Amino acid sequence: MSTRFRTLTPALTAATALLATLVVAAALLALGGYPPGDAFAALFRGAFGTWDRFVSFTLVRATPLLLTGLAIAFAFRARVWNIGAEGQLHAGALAAVAVAVALPGAHGLVVIPATLLAAAAAGALWASAPAAMKTGMGVGEVITTLLMNFVALFMAQFLVQGPLREDRGVFNQTNEIPPAAHLPDLIPGTRLHLGFLIGILIAIALWLYLTRTPGGFRLRAVGASPRAAEVSGRFRAQPVVWLAFLASGAIAGLAGGVQVAGVTHRMYEGLSPGWGYTAIAVALLARLNPLAVVVTAIVFGALSAGGGAMQRDAGVPEVWVRGIEALVILAVLAVDRSWQALTSRGSRG
Amino acid sequence: MAEFGALSSFLVAAVGLAVPLALAALGETVSERAGVINIGLEGSVIWGALGGALGALALGPYGGLAVGVLAGGMAALVFAAFAVWLNTDQIITGTAVTIGSLGFTGAVFQSRFGATGLALELPTVPAWEVPLLARIPAVGPAFFDQAVTAYLAYLLVPVLGWFLFRTRRGLALRAVGESPEAAHAAGVPVVWTRMLAVVFAGLAAGLAGAHLSLVHTGTFAENMSAGKGFIAIAVVVLGRWNPKWVIAAALFFGGAEALQFALQAVDADLPYPLFLALPYVLSLAALAGWFGRSQAPRGLALPWPR
Amino acid sequence: MRDALRLRGVTRRFGPVIALDEVDFALAPGEIHGLLGENGAGKTTLARVAAGILQPDAGRVEIGGQPLGNGGVGVARALGVAMVHQHFSLVPRFTGFENVALFDVAAWTRRGTLRSGYRDRVEARAGELRLAVELDAPIRGLGVVARQRVEILKALMGDTRVLLLDEPTAVLAPQEVEGLFAVLRQVARAGAGIVLVAHKLDEVLAAADRVTVLRRGQWVMTRAAAEVSARELAEAMVGAGVGVRGGGGVEATAGGARAPEFGAAAGDVVAELRDVTVAAGGSLPLRGVSMQVRRGEILGIAGVGGNGQRTLAAVLAGMRLPDSGEVQLPEEVGWIPQDRTNEGLVNEFTISENVAFAVHDRSEYRKGPWLDWAGVEETASALVRDMDVRADSPAVTASVLSGGNQQKVVTGREFLRSGNLLVAESPTRGLDVKATLAVRARIGEIARSGGRPPGVVLISADLDEVLELSDRIAVMVRGRLIPVPREDHNPAAIGELMLSARREGAP
């Protein structure tokens with residue numbers, strides 16, 4: 001996967017894909033009877049209109065996408081098709097709430113790391129089932145990670161309706177976590193929290209790991225050709241596949257923990273509007289490069305932040321944003337292919 | 001008949017729930033036999049449901065079914081254009097088609113019926129009772145007092161079995177899935193075979209979606225496909241890519257889902273989300289237990305650069 | 001008489017590479033026409049264009065006077081063209097019969113179901129051709145010879161006017177080649193024209209009526225086989241001015257075995273297998289294999305492909321543990337794997353990254369937790385220079401290198417691991433003459449180098465290569481390793497050994 005993406009300078013591809021998306025989305029909006037100009041303008045204002053819109057909305061919404069996007073990019077680099085970030089995120093959020101609520105009197109320096117570690121561990125645990133099924137039984141991870149998403153969703157539903165339901169018993173949600181467990185603000189006066197910085201640090205760490213360490217080299221090799229890795233590299237692909245699953249699951253789980261500790265301060269049904277799936281678009285647009293994920297997550301954060309404004313100011317239903325995300329993925333795929341078709345006739349034959 | 005009451009109503013529910021799974025999975029069986037795994041099947045199901053709803057309002061229930069089928073086929077055509085024609089990655093493309101379908105069906109629905117939307121009431125497809133067969137105790141009404149969609153699912157089993165294993169085109173299609181190089185060298189048009197197989201799967205999944213809106217519920221709601229397309233893909237694996245086992249696996253899942261409703265009826269306090277998770281957990285368990293003995297087409301999910 | 005097959009000015013490109021450059025070619029009915037050329041000369045491309053599998057970029061193909069156009073395989077088939085591929089084009093999960101039926105339009109009724117009595121026709125045709133074909137077993141369970149029979153029967157079921165065979169002898173032992181040629185002569189007598197793509201000159205001269213030579217995608221000569229010498233053909237293949245002193249098929253006609261030169265006197269034992277058995281678990285088994293490898297020697301292992309050589313290589317490389325028996329191996333083993341493109345290299349990686357496979361876990365290429373890419377780059381630059389790899393820099397992606405240069409990279413990288421033992425598996429398969437000579441020379445040099453040379457195990461289906469390089473020779477048959485006495489180091493004796501145990505083991 002990763003290396004197909006070397007053919008065209010990544011930024012150029014991404015820009016072309018975004019432009020294509022814009023054109024197709026505009027055509028579809030016009031077809032649906034909405035003036036595309038108004039819709040895009042409202043979307044842009046909602047995302048970048050003011051400093052506070054940008055920081056408190058776009059960047060805050062970009063944070064879970066940044067983390068899940070990194071999770072996907074890392075797994076895909078090893079050719080582990082983890083479609084299960086959504087479930088891993090839910091597992092992480094649940095674990096974060098459970099740990100934070102269980103430590104009411106603890107200091108923030110204790111409870112915050114404990115909360116986030118629990119979230120990461122839960123995400124990794126959630127990813128370990130598909131990992132075991134792939135490495136041990138040869139069951140493809142695409143279906144298993146997908147199915148695990150639904151299990152996580154219903155488990156979360158069950159927990160917030162029953163065992164973890166708030167003491168007031170009004171809504172299907174958990175108690176609020178203690179204030180000590182709230183992530184501190186990153187920029188005073190805005191809602192941007194520490195989670196965004198954590199995401200950027202993880203992006204840098206993953207990039208260094210992939211490009212500068214022997215382990216990262218092995219992971220890229222397994223992603224490019226497991227057979228060559230085993231024969232030429234004399235190392236087994238399996239541990240690498242496990243690492244990819246667990247790290248990916250942990251980062252996606254962390255996304256859930258960060259969201260709970262930084263924004264919602266509690267868990268409820270429908271915590272995620274599908275970040276785990278949007279993350280696929282985020283990672284692909286970034287050509288699976290962790291540093292580029294920071295940028296693409298902000299792009300999708302802007303889409304999300306602007307979606308509300310688009311509905312309010314231009315009357316375009318917010319669900320359009322999901323459709324546009326899909327268009328981005330398809331545009332990236334198509335631009336990549338077209339470029340290949342232009343540069344070579346293919347070597348088969 | 002009375003002594004069969006509980007069992008009979010359970011079976012009726014089980015078959016009703018199994019039909020959309022069976023339709024989508026039978027279609028996907030053909031697609032996977034040709035070497036294409038379409039995660040976008042979920043998208044075809046939701047388009048089928050919406051197409052069915054809109055079609056039924058304009059043309060009546062049977063017209064609705066037809067529109068639903070076409071809508072599912074259109075979604076699959078988009079997938080095929082990318083994954084087969086342009087040779088993009090099947091899994092990523094399928095995911096995109098699913099995300100986009102859930103988004104755009106919602107957009108279409110909201111623009112037509114408003115964002116909050118009162119519960120939509122649709123003309124439904126009535127059940128047809130098959131004379132004599134429907135009188136068999138317990139099983140009769142379950143299998144033979146169903147809507148036309150169920151009978152189409154039954155019919156697909158022998159037809160697809162015959163097509164896949166007894167005809168030249170079936171052999172060619174399986175060859176495309178097993179070894180596209182060999183099929184190409186034998187003069188089989190790989191790309192067209194795959195395109196047609198994917199679109200067929202989309203048509204069947206569209207019918208499954210139309211069943212959800214026009215037979216099962218009589219309404220449309222956003223995201224009402226609720227993972228049926230994904231479960232259908234697991235059903236194909238459990239059914240070992242063979243139509244007769246695929247429909248058996250679909251019935252098994254229909255039964256699991258029906259059981260959850262039956263148990264809720266017995267005790268309302270049972271934690272229903274856990275039962276909702278049950279089919280997915282069963283899918284996972286079944287995949288783990290069965291996969292070692294089943295054989296996926298060798299060329300599944302592999303691209304074929306023209 | 002009308003030509004069975006005619007190519008007029010056919011050009012075909014793959015990206016920037018011109019595989020066929022305005023080539024003319026004519027095949028008469030009833031003739032066996034040898035098509036010679038080095039690897040990459042365009043032989044296979046020509047055959048695939050004639051079979052309709054590839055479309056020409058320019059020029060025309062006519063079958064029995066009818067233009068093929070862009071009709072593809074279906075039209076070519078209808079005009080009576082069939083092709084036997086080097087890497088067979090059979091569906092592995094299908095039975096032989098299903099593979100035959102898939103290819104044959106006449107097998108099916110208008111409704112698309114199988115014609116009654118078709119099975120009998122297949123069996124009758126196999127009888128006519130004296131081909132013992134296994135029709136009911138899935139292809140993947142069959143050996144290469146049995147697969148080839150299915151492939152040939154498949155090609156000859158219909159009214160075949162043109163039969164194209166791509167390197168059909170590559171998988172056969174010398175004695176089996178004669179059987180194949182007998183079938184071909186029979187088919188030619190019945191009026192079909194046959195194109196025999198090959199690289200072994202003596203075989204082509206023995207079987208063909210006429211011979212055409214291609215070089216770098218261009219037509220060089222067409223001559224009657226009786227009027228041309230092996231030397232003339234060899235020179236035509238490689239072009240004037242290239243010293244041909246060994247290598248592949250050329251060597252075979254130029255005098256067969258050459259006396260192996262002993263370098264350093266065989267030294268201490270670097271690897272030993274004692275009674276090693278590996279059960280068949282997805283790969284071919286080894287049965288009671290014992291061997292010793294000493295420093296400075298080349299131990300050649302000949303044998304028809306698929307007799308357990310791959311398993312033996314994996315055991316020697318330390319990648320596979322035996323089920324029983326003892327194995328003593330050095331800590332690090334150089335291993336040039338058989339499948340260069342899928343196993344020896346990651347095509348999308350740069351030369352440096354591919355070299356890193358050998359050194360990325362060594363402490364001298366570490367700086368704290370980091371991999372010292374500058375150090376890897378230096379090593380890769382040295383390798384590019386020493387191995388004479390044609391590349392601008394080690395930052396070049398492996399996929400843009402020619403097959404020969406790719407193999408030089410793999411060979412050079414594995415030399416980095418070959419302090420004690422080097423296992424070379426078909427190291428020159430698919431390379432052109434120049435690259436073949438270069439790779440063979442390097443392997444010879446490393447074993448003869450001064451100081452502490454490694455022991456080398458050379459596993460190759462190419463008998464000439466084994467004879468040329470080896471100090472000692474053994475033959476691999478059905479998982480057993482049979483030593484060949486020095487006086488039997490000649491093609492006839494070894495060929496006999498390669499087949500003997502197969503006969504004994506056959507049911």
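Before going on, a word on what you're looking at. This is a predicted model, where local features need pLDDT of at least 70, side-chain atom pairs count only at pLDDT 80 or more, and totals for chains, interfaces and linings use all residues. Residues are numbered from 1 along each chain as its sequence is written, while chains are lettered from A and ligands numbered from 1 in the order in which they are written.

**Chain C and its sheets**

Chain C has 17 helices and 21 strands. Both are DSSP runs numbered from the N terminus: helices are H or I with at least four residues, strands E with at least two. Take the contacts in chain C between residues at least 6 apart in sequence: 70% of them join residues at least 24 apart. Two residues are in contact here if their C-beta atoms, placed from the backbone, lie within 7 Å.

Two open sheets in this chain are worth a look. Strands of a sheet pair through backbone hydrogen bonds, either parallel or antiparallel.

One sheet has six strands in the order S6-S7-S8-S3-S9-S10 (chain C), with mixed pairing. At its edges stand S6 (81-84) and S10 (218-224) of chain C; each has a single partner strand, so one side of each has no neighbour in the sheet. Ignoring direction, neighbouring strands are turned by 20° against each other on average. Inside this sheet, S3 (residues 32-36) and S9 (residues 210-215) of chain C run parallel and are joined by four bridges. Leu35(C) is found opposite Thr212(C) in S9(C). Helix H5 (residues 144-155) of chain C packs on the sheet, where it touches S6 and S7 (162-166) of chain C.

The other open sheet also has mixed pairing, and its six strands come in the order S15-S18-S19-S13-S20-S21 (chain C). Its edge strands are S15 (334-336) and S21 (480-484) of chain C, each with a single partner strand, so one side of each is left open in the sheet. The twist from one strand to the next averages 20°. S15(C) runs parallel to S18 (residues 421-425) of chain C, with three bridges between them. One pairing here puts Ile336(C) with its bridge partner Ala424(C) in S18(C).

Helix H10 (residues 309-316) of chain C lies across S13, S15, S18, S19 and S20 of chain C. Helix H15 (residues 433-448) of chain C packs on the sheet as well, touching S13, S18 and S19 of chain C. Here is how the helices are set against particular strands. The angles run from 0 to 180 degrees between N-to-C directions, with axes fitted to C-alpha atoms, for helices over the stretch in contact.

| H5(C) | S6(C) | about 175° |

H10(C) is mostly covered, with seven of its eight residues buried. Among them are Gln309(C), Leu312(C) and Val315(C). Just after H10(C) comes Gly318(C), which takes a positive phi of about 80°.

**Where chain A meets its neighbours**

The contact between chains A and B takes 38 residues from chain A and 40 from chain B. On the chain A side, H5 (108-137), H6 (141-161), H11 (275-285) and H13 (320-343) each supply at least two residues. H6(A) gives the largest share, twelve residues. By class, this side of chain A has 26 nonpolar, eight polar and four charged residues. (Ala, Val, Leu, Ile, Met, Phe, Trp, Tyr, Cys and Pro count as nonpolar, Asp, Glu, Lys and Arg as charged, and the others, Gly among them, as polar.)

Towards chain C, 18 residues of chain A are in contact with 21 residues of chain C. H8 (214-224) and H9 (226-233) of chain A each supply at least two residues of that side of chain A, and H9(A) gives the most, with five.

Technical notes
Two strands pair if DSSP finds at least two bridges between them. A residue is buried if 20 or more other C-beta atoms lie within 10 Å of its own, exposed if 12 or fewer, and partly exposed in between; C-beta atoms are placed from the backbone.
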